[in-house]
Amino acid sequence: MAVNLSGVGTDYFIELKGLMRRQDVQVYVPFPDSFYMLQLGGTGLIAMEANILPKTFRRYLDLFELKKFEELALIYSDVNRFIRYVRRWQSSTPRWLKMAMRILKIPGGEGGLREPYRMPPDQEVEKFADGLLRLGLPEIEEQARAAGLKIPQL
């Protein structure tokens, strides 16, 4: 049995854990407070951003398990910069997710969005791509190179 928490903070997690009678329930936590929630017994992460940054999220969890918190802090910072960036298109998660998949040529990126969502105009996608590539995130740059994109000089 598992519980996926989304959009909640550490206080909610603490309350939930205090009320749970069963100890075998896995609790997957949102990324923003994950450092604390994982220390308090969270099982793993639930984050849409992991669809674009799977290696980064895997590294974050590996470093947590190894208690390499200094390295983990750098990844935490990178992921938060990514989250802040895509939040501009957060009227719906599918929009930024599909734009990123299309730009980076990730399988599933071709085609449009299901109704009621709509892809933004090409000019907006280009603006998104430029900012995405300027974030300086290693995994984004790796994917961009694989997709044949030129990474802007920072």
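**Legends to close-up views of the predicted model**

Of the chain's 154 residues, 42% count as buried. The structure shown is a predicted model.

**View 1. Overall make-up of the chain.** Seven helices and three strands are found in the chain. Read from the N terminus, its elements follow the order β-α-β-α-β-α-α-α-α-α. The C-alpha trace spans about 50 × 40 × 25 Å along its principal axes.

**View 2. The three-stranded open sheet.** The strands of the open sheet are arranged in the order β1-β2-β3 and pair in parallel. The edges are formed by β1 (2-4) and β3 (44-46); each has a single partner strand, so one side of each is left without a neighbour in the sheet. From one strand to the next, the twist averages 30 degrees. In general, strands of a sheet pair through backbone hydrogen bonds, which may be parallel or antiparallel in arrangement.

**View 3. Pairing of β2 with β3.** Strand β2 (residues 26-30) runs parallel to β3 and is joined to it by three bridges. Y28 has G44 in β3 as its bridge partner. Also shown is Q39, which belongs to helix α2. The C-alpha atoms of Q39 and Y28 are 12 Å apart in space, and the two residues are 11 apart in sequence. With a relative accessible area of 47%, Q39 is partly exposed; the class applies because this value lies between the limits of 20% for buried and 50% for exposed.

**View 4. The aromatic pair F31 and Y60.** The count of aromatic pairs comes to 12. In the pair of F31 and Y60, the ring centres are 5.1 Å apart and the planes stand at 55 degrees, so the pair is tilted. F31 is located in the loop between β2 and α2 (34-39), whereas Y60 is in helix α3 (residues 54-65), so the pair ties together parts that are 29 residues apart in sequence. F31 and Y60 are both buried. One aromatic cluster is formed by F31, F57, Y60 and Y76.

**View 5. The aromatic pair F35 and Y36.** The ring centres of F35 and Y36 are 5.6 Å apart, and their planes are at 75 degrees, so the pair is edge-to-face. The assignment rests on the angle, because planes over 60 degrees apart count as edge-to-face. F35 has a relative accessibility of 22% and therefore counts as partly exposed.

**View 6. L40 and F13.** L40 is placed in the loop between α2 and β3. Its relative accessibility is 42%, so L40 counts as partly exposed. Between L40 and F13 the C-alpha to C-alpha distance is 8.6 Å, although the residues are 27 apart in sequence.

**View 7. The largest pocket.** The volume of the largest pocket is about 310 Å³. Its lining comprises 15 residues, and those nearest the pocket centre are S6, P32, A47, M48 and E49. By residue type, the lining of the largest pocket consists of nine nonpolar, four polar and two charged residues.

Conventions. Residues numbered from 1 in each chain as written. Predicted model: local features only at pLDDT ≥ 70, side-chain atom pairs only at ≥ 80, totals over all residues. Heavy atoms only, no water. 1 Å grid on protein atoms, 1.4 Å probe; cavity = no way out; pocket = protein on both sides within 12 Å on 5 of 7 lines; lining within 4 Å. Points joined across faces, edges and corners; volume = space filled by probe spheres on them. Nonpolar A, V, L, I, M, F, W, Y, C, P; charged D, E, K, R; others polar. Pairing = 2+ DSSP bridges. Helix = DSSP H or I, 4+ residues; strand = E, 2+ residues; numbered from the N terminus. Axes fitted to C-alpha atoms, helices over the stretch in contact; angles between N-to-C directions. Phe/Tyr/Trp six-rings, centres within 6.5 Å; stacked < 30°, edge-to-face > 60°. Buried < 20%, exposed > 50% of the residue type's maximum accessible area, 1.4 Å probe, protein only.
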